[in-house]
Amino acid sequence: MIELENITKIYRMGKVDVPALRGITLSINQGEMVALIGVSGSGKSTLMHIIGCLDKSTSGRYIFDGADVSRLNDNKLAEMRNKKFGFVFQEYNLLSRASALANVELPLVYSSSRNSHKRAMEALERVGLAERAKHKPTELSGGEQQRVAIARALVNNPAIILADEPTGNLDSASTAEIISIFRQLNRDGITVVIVTHEADIAAQTQRTIRLYDGKVVSDEKVA
Amino acid sequence: MKFIEFFSIAIRSLLANKLRSALTMLGMIIGVGAVIVLMSVGAGLQNMITSTFEELGTNLLMVQPANPEAPGIMGMMYGAFTANLNMDDTEAIGRIRSVTGVVPTNENFVKLIAGNEETTAVIHGSNPDYQKVYGFTMASGQFIAEVNLARRDMVVVVGSKVAEDLFGSDDPVGQRVKIKGKRFTVIGVMEPRGISMFGFSWDELVVTPITAYQARLFSQKTPSGEDAVQQIAVQLSSAEVIDEVTEEIETLLRKRHRIDADEDDDFAVLSLEQMLGTFETITLALTLFLGMIGAISLLVGSIGIMNIMLVSVTERTREIGLRKAIGAKRRDILLQFLLEAAMLSLVGGAIGLTFAWVAAWGVSQIDLGGFSINATVSPLIVIVAVSVSVFIGLASGMYPAMRAARLNPIDALRYG
């Protein structure tokens with residue numbers, strides 16, 4: 001489903017070029033559950049941004065579902081993000097003034113969908129938060145907020161969920177909860193990519209890709 | 001569907017910080033309110049002038065002396081000091097076909113004393129046609145008559161305020177009043193009428209036969225030794241004959257004043273239209289000036305909107321990044337913030353319009369000595385106000401909205 005060929009990303013800081021990715025070539029198939037692991041600065045978040053069409057590579061090819069998306073314009077990339085990808089962030093990034101239901105509906109606003117209420121409720125049910133639909137994020141615990149974020153990522157039936165340090169702000173109980181939700185989603189057929197710096201989180205996935213200094217240093221299946 | 005969603009998003013954003021929204025709108029409220037009130041009052045003033053003009057006559061001409069050596073308006077100004085019109089001119093003009101009334105008027109300012117009371121007033125020396133042409137009704141007694149003129153009777157007709165000042169609630173008719181040491185008898189009181197278009201109040205005016213005026217009060221002679229007339233008002237049967245009669249008067253007076261073909265007139269014949277034209281130009285200029293002041297405050301209001309929108313965009317950087325990450329396109333973000341700005345200005349404009357409407361109504365209720373300015377907010381003004389408000393909202397919101405739309409989602413998500 002995802003094929004990256006020699007992807008590089010170079011940031012221009014004033015007069016200096018900072019390479020974040022130095023030629024990544026890998027593929028991810030439909031239905032895999034992958035961890036991108038590495039220390040801070042290894043390029044794992046940058047790689048996830050490129051996979052998720054949040055950013056464009058400086059060079060290289062990115063084939064998604066058979067189509068070359070490396071040089072799509074901003075509007076097309078936005079459509080891809082809306083329909084094909086679901087993002088989950090470390091800080092949840094929910095709208096604090098809106099209810100959980102309204103937060104989950106947000107992607108549907110930008111895809112002009114019908115039945116958004118119904119679809120949002122279904123997504124909330126999937127993460128076990130249907131009874132908290134009317135609550136605002138301030139009334140929810142960290143784990144619950146992240147579950148709302150996952151529901152939001154699911155609402156448009158994406159092919160792949162991209163999670164950037166999803167459990168970074170959570171205690172161990174909530175962490176376990178969240179990871180088990182991801183595993184369940186993966187069993188339901190959704191491809192899951194988790195960026196993390198913690199080995200025990202990576203251990204719960206099927207495949208660990210380790211990055212260092214912008215390059216892939218290992219790519220192993222987990223037992 | 002998307003549009004409605006965006007509308008409710010915009011409304012919710014504005015309601016989230018009510019104080020801030022209210023203060024931002026204040027600029028628009030004051031700006032729109034000021035412009036509308038000032039222009040409505042100006043329009044009311046203009047209407048007042050036009051309607052007085054219509055009331056008194058599109059069929060009125062004024063003949064007055066002019067100095068041919070001074071150009072244009074100055075000629076009439078300096079002409080006022082020359083005296084070259086007299087009662088024979090007046091009667092000759094009265095005989096012209098289509099002339100239905102001729103009113104010679106001399107004007108000055110006097111103190112009137114009755115017993116222990118005294119007051120000041122404008123005094124007009126004139127003839128019976130004065131009442132007909134300027135449209136007076138008598139509250140009591142009668143106006144001056146031909147016979148008063150012939151006999152140079154020392155009689156006087158007083159305005160309602162003069163009557164009140166001198167005689168309180170007593171009927172002034174038959175009473176004596178001293179003008180410049182001479183004793184005059186009051187023969188009539190005029191109904192209250194307010195301010196005339198010429199600038200003085202009809203109620204603080206007294207009228208006496210012009211012959212008595214010239215003989216007993218203020219004597220002024222023409223170069224050939226006759227009693228001078230300062231101004232002759234000429235009433236025509238209809239507005240259509242203005243040009244025709246103007247020409248006849250000019251021919252007549254040129255002959256009477258022995259002016260050669262190559263010399264300029266030593267008089268001017270003006271239609272009321274020409275006279276009021278100056279007033280209208282002044283009022284129009286005033287209205288525009290006031291409107292500009294209002295427009296400046298509108299500008300300030302729109303700067304306020306732009307300022308707050310910029311703050312709002314900065315505050316919501318992460319939110320914008322998030323929206324883009326889940327699929328919002330540039331134009332979605334642009335539309336969202338433009339709508340917010342437009343709503344701020346539209347609601348502010350609507351409130352300003354309401355206040356202006358109330359204020360204009362209030363101004364119309366003020367009694368300015370017997371009349372009032374009818375300041376109405378016309379439907380045209382409402383449409384213009386609403387459109388301008390929306391336009392200002394969009395214009396001030398454009399820059400902040402574009403900045404929001406251009407944010408890089410990754411950087412935006414990391415902000416703060």
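The model is predicted, so some ground rules apply: local features need pLDDT of at least 70, side-chain atom pairs count only at pLDDT 80 or more, and totals for chains, interfaces and linings use all residues. Residues are numbered from 1 along each chain as its sequence is written, while chains are lettered from A and ligands numbered from 1 in the order in which they are written. The helices (H or I, at least four residues) and strands (E, at least two) you'll meet here are DSSP runs, numbered from the N terminus.

**The four-strand sheet in chain A**

- Four strands of chain A line up as E2-E1-E4-E5 in an open, antiparallel sheet; strands count as paired if DSSP finds at least two bridges between them.
- The edges belong to strand E2 (16-28) and strand E5 (67-68) of chain A, each of which pairs on one side only.
- Further in, strand E1 (residues 2-13) and strand E4 (residues 59-64) of chain A are joined by five bridges in the antiparallel sense.
- Have a look at Leu4(A), which sits opposite Tyr62(A) in E4(A).

**The six-strand sheet in chain A**

- Another open sheet runs E6-E7-E8-E3-E9-E10 in chain A, and its pairing is mixed.
- Strand E6 (85-88) and strand E10 (215-221) of chain A each have a single partner strand, so one side of each has no neighbour in the sheet.
- On average, neighbouring strands of this sheet are turned by 15° against each other, direction ignored. For such angles, axes are lines fitted to C-alpha atoms (for helices, over the stretch in contact), and angles run from 0 to 180 degrees between N-to-C directions.
- E6(A) pairs with strand E7 (residues 160-164) of chain A in the parallel sense, over four bridges.
- In that pairing, Phe87(A) has Leu162(A) in E7(A) as its bridge partner.
- Helix H1 (residues 44-51) of chain A packs on this sheet, touching strand E3 (33-37), E7, strand E8 (191-196) and strand E9 (207-212) of chain A, with its direction at about 155° to that of E8(A). Contact here means that two residues have C-beta atoms, placed from the backbone, within 7 Å.
- Helix H5 (residues 142-154) of chain A lies across E6 and E7 of chain A, at about 165° to E6(A).

**Helix H3 of chain A and its partners**

- Helix H3 (residues 100-109) and helix H4 (residues 116-126) of chain A have axes that come within 9 Å and cross at roughly 115°.
- That angle makes H3(A) roughly perpendicular to H4(A). The cut-offs are under 35 degrees for roughly parallel, over 145 for roughly antiparallel, 65 to 115 for roughly perpendicular, and oblique for the rest.
- Among the residues making this contact are Leu101(A) and Leu108(A) of H3(A), and Met121(A) and Leu124(A) of H4(A).
- The H3(A) and H4(A) contact splits into eight nonpolar, one polar and two charged residues. Here Ala, Val, Leu, Ile, Met, Phe, Trp, Tyr, Cys and Pro count as nonpolar, Asp, Glu, Lys and Arg as charged, and the others, Gly among them, as polar.
- H3(A) also packs with H5(A), at an angle of about 30° and with the axes 7 Å apart.
- Residues of this contact include Val104(A) and Pro107(A) of H3(A), along with Val148(A) and Ala151(A) of H5(A).
- Six nonpolar, one polar and one charged residue make up the contact of H3(A) with H5(A).

**Where the chains meet**

- Chain A puts 20 residues into the contact, and chain B puts in 19 residues.
- On the chain A side, the elements giving two or more residues are helix H2 (74-83) and H3 of chain A.
- H2(A) gives the most to that side, with six residues.
- By class, the chain A side has nine nonpolar, six polar and five charged residues.

**Inside chain B**

- Chain B has domain 1 (2-53 + 277-414) and domain 2 (83-265), with bounds from an automatic or database domain assignment.
- The centres of these domains of chain B, taken over C-alpha atoms, are 53 Å apart.
- Helix H1 (residues 2-16) and helix H12 (residues 330-365) of chain B pack at about 60°, their axes 9 Å apart.
- That makes H1(B) oblique to H12(B).
- Phe6(B) and Phe7(B) of H1(B), and Leu335(B) and Leu339(B) of H12(B), are among the residues in this contact.
- The contact of H1(B) with H12(B) comes out as ten nonpolar, two polar and one charged by class.
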